[in-house]
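Open the model in your viewer and keep the selection tool at hand.

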Amino acid sequence: MTKKVKESTISRAGKKEERTAYLCLIPAFFGVTLISYVPTLAVFVLSFFDWNGLTTPKFIGLGNFERIFTKDIYFLDSIQSTIYYAFLAVVGAVLYSLIIALFLNMEIKGRTLFRSIFFIPYLLPAIGVFKGWEWLYEGNFGLFNFMLRMMGLSPQRFLDSPEQVIPSLVMIAIWTSGNLIVIFLAGLQNVPRVYQEAARIDGANAWQRFVNVTVPSISPIIFYNVLTALITHLQVINPALALTNGGPGKKSTFMSYVIYLYGFRKNKMGYAAAYAVIFFLMVGVFTIILFSTQKSQLFGAEE
Amino acid sequence: MEKQLVKRKKNKKEKLINLVATFIVAILSAFVLLPIWWIFRSSLMSTGALNEYPPSFIPHEWLWSNYSKALETFKYWTYFKNTFSIIIPAVLFGTITAIFCGYAFARLRFRGKKLFFNLCIGTILLPGMVTLIPLYVMWTRGLGLGDTYWPLILPYFTGGGFFNIFLIRQFLLTIPTELDEAAAIDGASRMRILWTILVPSIKPAIVVVGMMLFIQIWNDLLQQIIYINSMDKFTFAIALTNFTGSFGTNWPIALAATFMTILPGIGIYILGQKSFVEGIVLTGMKN
């Protein structure tokens, strides 16, 4: 009898707890459905239609995809520039922030001040940053060309040069990657000092300690930073919108920018949706590849 | 004796290494600051002075008038008002909803928790570019909210993206449940416990969430461009993109406008930097 009463009060309390939870999660529910999964499904559906955004959509099967793969003037350039940019930006930003974090993890004077300095570019509004760097890259009187001239080198065209535009934009991305530094620092501060000391006593030099102690201990953090940086940089669009308009030539027509061009400049919603589907699959493939390397790395660390 | 000597030698070596490291870091940080200084310095010079070689590191005369000239066409305070009428509600409600959702995941038991949690994690990997067109159709054609700020604000009322919910949850998990239980015995309701006990103790996480949302919205040029058409509704991001284009080669004026838009970012950083760095440092560890 008493047991029964107790059980029912527990379940009543449990019900109440459940109700509170569902109430609290209403915002997330809308986020997951209306803002994320439903539009993702919708983009797949839309990709089978020819639609200018106003008249009735016309079903054309795989017509959009066929056109993209065979006739599109941006397709190859956009894939190439997106992957090229993302690759350079991820490698550059992760290496840069790891190196800076390693330095900041040492017992150097003014650590807090330096940490702030490396972090500030991340907090600056992106468009301001791009406009400012446009001036630094300026062909005649920009800062970088001044520096090159002082070193006796010939001036470069940076953003106006088909070869240099992507590396130049990547420099900006690296400069603004202060958030990665802070996350690396957090990871490094968690590496037990004992391990370092033990390795030191065993006669490991600084490089050996870094490779055999530090890297395995922060490998989840490295993975996290690479993953978030990859997803961010594959979606690159701001430099094209604010600086290059996809140029020079088509050298910075990133996939996101092409989706924007077709969807909002040329009002080809269905066609842009098909592009978005291809983009989605591309990001998915990269994410899966990344996750598969992580597994082997984790096992490697365990052995 | 010998051991001590080795130790002292090592300390000396370590000190030297740290000194060299400090030196390198100082030089690197100078390089990081140089672009900001160069933009500022150029915004105070005349076009003629900008084109001099060798360039001067500090302007010979400080032309603050560039700023008033920029303000004649660059309606700073309009853009300021517009930008913040998106940022304030989005950051505020984004943070509040993130707290509710993070709390449910960290503290409450309910059916379907694991499934829903995984569905939420999936959204992090979902590129925003993919959902852009259907969302645009929904907000403009479906709900008739084109050329308003709503499509830029309302999506943040969903916990501001799952990453922020996750962050709050991770932080709450580090707070001992004894705290909640003690308060519950005293008769406090769940919501009361959340807002009076838990929220104050995860302040750094809340500051991080707020600032991340702030940066995210500030940098979201694409959505601002596609949803906003009227010039009197322009935000900093749109206005700056158009402004420098229309100003052609008058760099000092364009850079004055640029520098003015950078300023609020620096201001916010100075306000919240301690909690911000602390918050990220703590969250990075709690995976």
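Here is what to select, stop by stop.

This is a predicted model, where local features need pLDDT of at least 70, side-chain atom pairs count only at pLDDT 80 or more, and totals for chains, interfaces and linings use all residues. Residues are numbered from 1 along each chain as its sequence is written, while chains are lettered from A and ligands numbered from 1 in the order in which they are written.

**Stop 1: chain A**

Select chain A and colour by secondary structure. Chain A has 15 helices and two strands. Helices (H or I, at least four residues) and strands (E, at least two) are DSSP runs, numbered from the N terminus.

How much of chain A counts as buried? The share is 41% of its 303 residues. Buried means that 20 or more other C-beta atoms, placed from the backbone, lie within 10 Å of the residue's own.

**Stop 2: helix H2 of chain A**

Select residues 26–46 of chain A. This is helix H2, with 21 residues. From first C-alpha to last it reaches 28 Å, close to the 30 Å expected at 1.5 Å a residue. The expected span is 1.5 Å times one less than the number of residues.

Where does H2(A) bend? Look at A:Val38, where the angle is about 35°. A proline, A:Pro39, follows within four residues. The bend is the angle between axes fitted to the seven residues ending there and the seven starting there. Buried residues of H2(A) include A:Pro27, A:Gly31, A:Ile35 and A:Pro39.

**Stop 3: where the chains meet**

Show both chains. The contact takes 76 residues from chain A and 75 residues from chain B. Two residues are in contact if their C-beta atoms, placed from the backbone, lie within 7 Å. On chain B, select helix H14 (residues 251–285): it gives the largest share of the side touching chain A, 16 residues.

**Stop 4: the domains of chain B**

Select 2–66 for domain 1 and 67–285 for domain 2. These bounds come from an automatic or database domain assignment. The C-alpha centres of the two domains of chain B lie 33 Å apart.

How values were computed: Buried ≥ 20, exposed ≤ 12 C-beta atoms within 10 Å, placed from the backbone.
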